Structures are given as structure tokens and as C-alpha cells.
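Look at the model below before reading on. The text starts with the whole chain and then turns to one residue.

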Amino acid sequence: NLFMNQTMLQSAKQIGAGLATIGLAGVGAGIGIVFAALVNSFARNPSLRQQLFGFTILGFALTEAIGLFALMMAFLILFG
């Protein structure tokens, strides 16, 4: 009975960690959208290059932070 409980707990941890990493797919799409918007903006108005690049780096950092939070949650579920 103890072995069965430990096996079920380990299985639940694996499933939970897998579900927590689903957020990483959204992060990949988000980063692609951010840089696609940057290229589009450069094509429309090249004179705003510095300002647009700053906004892009901010968007990249915020999107990447969400991915790191999802990854951190997966590790906490697995090893916590």
C-alpha cells in the first residue's frame, strides 16, 4: 500500500510538471510575435529605431519572465 501511494504521488508530480511547462509554448509564440512586430515597425518607420528597440527588449524580458515562472513551477512540483 505504501509503494502504491508513493507511485501515485510520483505520477501526479510528473503530470503536474508536464502541465506546468505548457506555458513555455506560449512564451515561444509571444517572443516570436514581439520580434515580428519589431521588424514590421522598422519597415514602417525606420527613424524610431532606438525607441522601438527599447520597447522590444522590455517586451522580450516580460515574456521571458513568464516562461521562467512556468519552468520554476515545474521544478517546484517535481522536487518540492
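How many helices and strands does the secondary structure of the protein chain come to? The count is 3 helices and 0 strands, where helices (H or I, at least four residues) and strands (E, at least two) are DSSP runs, numbered from the N terminus. Read from the N terminus on, the elements run α-α-α. The protein chain is more spread out than a compact globule, because its radius of gyration is 19 Å, well over the 12 Å that the globule rule gives for 80 residues. That radius is taken over C-alpha atoms, and the globule rule is 2.2 Å times the number of residues to the power 0.38. Along its principal axes, the C-alpha trace spans about 70 × 15 × 5 Å.

This is a predicted model, in which local features need pLDDT of at least 70 and side-chain atom pairs count only at pLDDT 80 or more, while totals for chains, interfaces and linings use all residues. Residues are numbered from 1 along each chain as its sequence is written, and side-chain values use heavy atoms, with hydrogens and water left out.

Of the 80 residues in the protein chain, 19% are buried, meaning under 20% relative accessible area (1.4 Å probe, protein chains only). Contact means heavy atoms within 4.5 Å. Among contacts between residues at least 6 apart in sequence, 76% join residues at least 24 apart.

Now find Ala 17, which lies in helix 1 (residues 2-20). Ala 17 is buried, with a relative accessible area of 8%. Leaving aside residues up to four places away in sequence, Ala 17 touches Ala 74, Ile 77 and Leu 78. Ile 57 is 40 residues from Ala 17 in sequence, and the two are 29 Å apart in space, C-alpha to C-alpha.

Definitions and conventions:
Buried < 20%, exposed > 50% of the residue type's maximum accessible area, 1.4 Å probe, protein only.
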